[in-house]
Amino acid sequence: MKTKLLLIAFLAIYSLNAQTTHNIDWERNVTVDLTIEVGDIVVWTWTDPFPHTVENMPGNSVENFDSGTLTGIGLTFSHTFTIEGDNDYFCGIHGAGSMSGTITVDATASINEEVFKTFTILPNPAKSIITVKIPNNTNTLEIEVLNITGKRVLYKSLNSTVNTTLNLTALQSGMYLVRVTSGRTSQTKRLVKL
Ligand SMILES: [Cu+2]
């Protein structure tokens with residue numbers, strides 16, 4: 001029962017398409033520029049004891065956000081960016097000369113997702129050798145096999161390869177996930193090792 005719950009949690013985490021969380025330590029005299037993708041989250045964490053805000057620079061940002069004044073180490077403010085473009089931000093208390101940055105939001109690499117929707121694992125369940133088939137692949141890909149705790153147990157990097165084999169002989173019997181990644185886009189499928 002416990003294993004089943006763990007598996008459900010595990011699948012929920014790994015079947016989501018990459019929504020990345022980016023962390024910024026927010027304190028006096030820092031400038032932090034980031035390039036992220038649409039849908040990513042940025043979390044600012046207060047790392048000194050002084051009052052600060054995080055707010056977009058009016059006229060120089062495509063999104064609006066404002067934390068209000070927060071005081072205390074460990075407090076956070078987060079914003080999910082959903083629009084392509086640049087967002088200058090600053091601390092309204094200490095000013096842009098002391099605390100500022102730019103969040104550049106790029107389109108997601110969703111084109112690559114088409115590649116992975118159809119990747120197949122044969123045979124599955126499998127005892128030793130599996131073939132991973134990725135139709136029409138022209139990308140550099142990483143293939144990983146993860147165990148139920150999320151630990152990587154096998155890894156292979158490929159260049160424009162459509163079929164590759166992995167040897168599972170050394171793995172214990174049970175449930176695994178096969179994850180294929182190109183850049184920041186990944187797709188995951190379940191694999192049973194006999
Ligand atoms: Cu400040």
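These legends accompany a set of close-up views of a predicted model.

**Figure 1. Four side chains hold the copper ion.** The copper ion is coordinated by His 52 through ND1, Cys 91 through SG, His 94 through ND1 and Met 99 through SD, at 1.9 to 2.6 Å. The angles among the four donor atoms run from 89 to 133°, and the site is tetrahedral. For orientation, ideal angles at a metal are 109.5 degrees for four tetrahedral donors. Along the sequence, the donor residues follow the spacing H-x38-C-x2-H-x4-M.

Figure 2. Asp 48 comes from the loop between β4 (41-46) and β5 (55-61), and Arg 28 from the loop between β1 (21-26) and β2 (30-31), so the contact ties together parts that are 20 residues apart in sequence. Asp 48 counts as buried, at 8% relative accessibility, whereas Arg 28, at 37%, counts as partly exposed. A search of the whole structure finds three salt bridges, and the next view turns to Glu 144.

Figure 3. Start with Glu 144 and Arg 152, which form a salt bridge whose closest N and O atoms are 3.0 Å apart. Glu 144 is buried, at 6% relative accessibility, while Arg 152 is partly exposed at 44%. Glu 144 also forms a salt bridge with Arg 179, the closest N and O atoms being 3.0 Å apart. Arg 179 belongs to strand β14 (residues 174-182) and Glu 144 to strand β11 (residues 140-146), so this pair ties together parts that are 35 residues apart in sequence. Arg 179 is buried, its relative accessible area being 19%; the cut-off for buried is under 20%. Through shared partners, the salt bridges join Glu 144, Arg 152 and Arg 179 into one network.

**Figure 4. Three strands form an open sheet.** The strand order in this open sheet is β1-β4-β6, and the pairing is mixed. β1 and β6 (76-80) stand at the edges with a single partner strand each, so one side of each has no neighbour in the sheet. From one strand to the next, the twist averages 20°. Take a moment to follow β4 and β6, which pair in the antiparallel sense over five bridges. Thr 45 stands opposite Thr 76 in β6.

Figure 5. Trp 26 is buried at 0% relative accessibility, and Tyr 89 is buried with a relative accessible area of 0%. Trp 44 and Phe 65 have ring centres 5.8 Å apart and planes at 25°, so they count as a stacked pair. Trp 44 in strand β4 and Phe 65 in the loop between β5 and β6 are 21 residues apart, and their pairing links distant parts of the chain. Trp 44 is buried with a relative accessible area of 0%, and Phe 65 is buried at 5% relative accessibility. Ring pairs connect Trp 26, Trp 44, Phe 65, Phe 77, Phe 81 and Tyr 89 into a cluster.

Figure 6. Most residues other than glycine have a negative phi, and most peptide bonds are trans. A cis peptide bond joins Leu 122 and Pro 123, with omega about -15°. Another cis peptide bond joins Asn 124 and Pro 125, with omega about 5°. Pro 123 is placed in the loop between β9 (120-122) and β10 (129-133), and Pro 125 lies in the loop between β9 and β10. Elsewhere, Asn 29 has a positive phi, near 65°. Asn 29 is found in the loop between β1 and β2 and counts as exposed at 64% relative accessibility.

Methods: Residues are numbered from 1 along each chain as its sequence is written. This is a predicted model: local features need pLDDT of at least 70, side-chain atom pairs count only at pLDDT 80 or more; totals for chains, interfaces and linings use all residues. Side-chain values use heavy atoms; hydrogens and water are left out. A salt bridge is a side-chain nitrogen of Lys or Arg within 4 Å of a carboxyl oxygen of Asp or Glu. Helices (H or I, at least four residues) and strands (E, at least two) are DSSP runs, numbered from the N terminus. Buried means under 20% relative accessible area, exposed over 50%, partly exposed in between (1.4 Å probe, protein chains only). Donors are N, O and S atoms within 2.8 Å of the metal (3.2 Å for Na, K and Ca); water is not among the atoms, so sites may look incomplete. Four donors count as tetrahedral if all angles lie between 85 and 135 degrees; four count as square planar and six as octahedral if opposite donors are over 155 degrees apart and all others between 65 and 115; anything else is irregular. Two strands pair if DSSP finds at least two bridges between them. Axes are lines fitted to C-alpha atoms, for helices over the stretch in contact, and angles run from 0 to 180 degrees between N-to-C directions. Rings of Phe, Tyr and Trp (its six-membered ring) pair if their centres lie within 6.5 Å; planes under 30 degrees apart count as stacked, over 60 as edge-to-face and the rest as tilted.
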